[in-house]
Amino acid sequence: MIVLKKEDLNSQEGMERAFRGYFVEAKRQFEGQFNTMLGTELEACSYEKQTVTLTMAPQPWMGNPMGILHGGVTASVLDMTMGLLCRYFSGGYMTPTVSMNVQYLRAGSLDRRLYIRAELTKRGMGVCYALGRLWEEGAEDRLLATSSGAYYVTKHI
């Protein structure tokens with residue numbers, strides 16, 4: 001299990017350190033598991049705005065029979081990004097998904113880098129809420145999908 005350090009949970013520098021450390025440790029601990037196979041990387045984060053942006057290069061296995069980005073991959077990267085952000089702002093506790101809604105707006109290609117941004121909307125004692133957006137490189141104004149999610153804040157780590 002990846003543990004976030006309490007001293008990294010209250011500043012921009014700490015947030016950057018926590019997310020960079022998370023991705024390094026996740027690659028080591030969870031090699032071959034679904035989330036690490038997606039190949040997401042930290043692009044940016046903002047403690048003040050309560051956002052995180054990840055990036056990934058789609059792989060051929062992420063396509064559907066129509067040759068476009070599979071909707072399950074779209075949902076997964078949005079869910080993972082929102083869940084990671086909720087975990088960070090919930091004090092490092094695990095935050096499994098309670099519910100999630102995805103709106104598919106455009107087909108995603110397999111040959112353009114993707115960007116996934118999550119924004120915290122509410123943090124409660126038991127549930128955390130976030131919004132997500134997915135777009136292709138160079139086209140932030142042409143969203144492929146949007147999402148909203150609720151994440152349970154565990155306290156029994």
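**Figure 1. Contacts across the sequence.** Of the contacts in the protein with a separation of 6 or more, 67% join residues 24 or more positions apart. The model shown is predicted. Buried residues make up 43% of the protein's 157 residues.

**Figure 2. The order of helices and strands.** How many helices and strands does the protein have? There are three helices and six strands. Along the sequence they follow the pattern α-α-β-β-α-β-β-β-β. The radius of gyration is 15 Å, close to the 15 Å that the globule rule gives for 157 residues, so the protein is as compact as a globular protein of that length. The C-alpha trace spans about 45 × 30 × 25 Å along its principal axes.

**Figure 3. Helix 3 and the residue that follows.** Helix 3 runs over residues 71-89 and has 19 residues. From its first C-alpha to its last, helix 3 reaches 27 Å. That is close to the 27 Å expected at 1.5 Å a residue. Is helix 3 mostly covered or mostly uncovered? Helix 3 is mostly covered, with 15 of its 19 residues buried. Buried here means under 20% relative accessible area. Just after helix 3 comes Gly91, which takes a positive phi of about 85 degrees.

**Figure 4. Surface and charge.** The accessible surface of the protein comes to about 8300 Å². Carbon and sulfur atoms account for 52% of that surface. The protein carries 17 positive side chains and 16 negative ones. How far apart do the centres of the two sets lie? The centres lie 5 Å apart.

Note on methods:
Residues are numbered from 1 along each chain as its sequence is written. This is a predicted model: local features need pLDDT of at least 70, side-chain atom pairs count only at pLDDT 80 or more; totals for chains, interfaces and linings use all residues. Side-chain values use heavy atoms; hydrogens and water are left out. Helices (H or I, at least four residues) and strands (E, at least two) are DSSP runs, numbered from the N terminus. The expected span of a helix is 1.5 Å times one less than its number of residues. Buried means under 20% relative accessible area, exposed over 50%, partly exposed in between (1.4 Å probe, protein chains only). The radius of gyration is taken over C-alpha atoms; the globule rule is 2.2 Å times the number of residues to the power 0.38. Contact means heavy atoms within 4.5 Å. Accessible areas come from the Shrake-Rupley method with a 1.4 Å probe; for residues, only the protein chains shown count as cover. Lys and Arg count as positive and Asp and Glu as negative; His and the chain ends are not counted. The place of a charge is taken as NZ of Lys, CZ of Arg, CG of Asp or CD of Glu.
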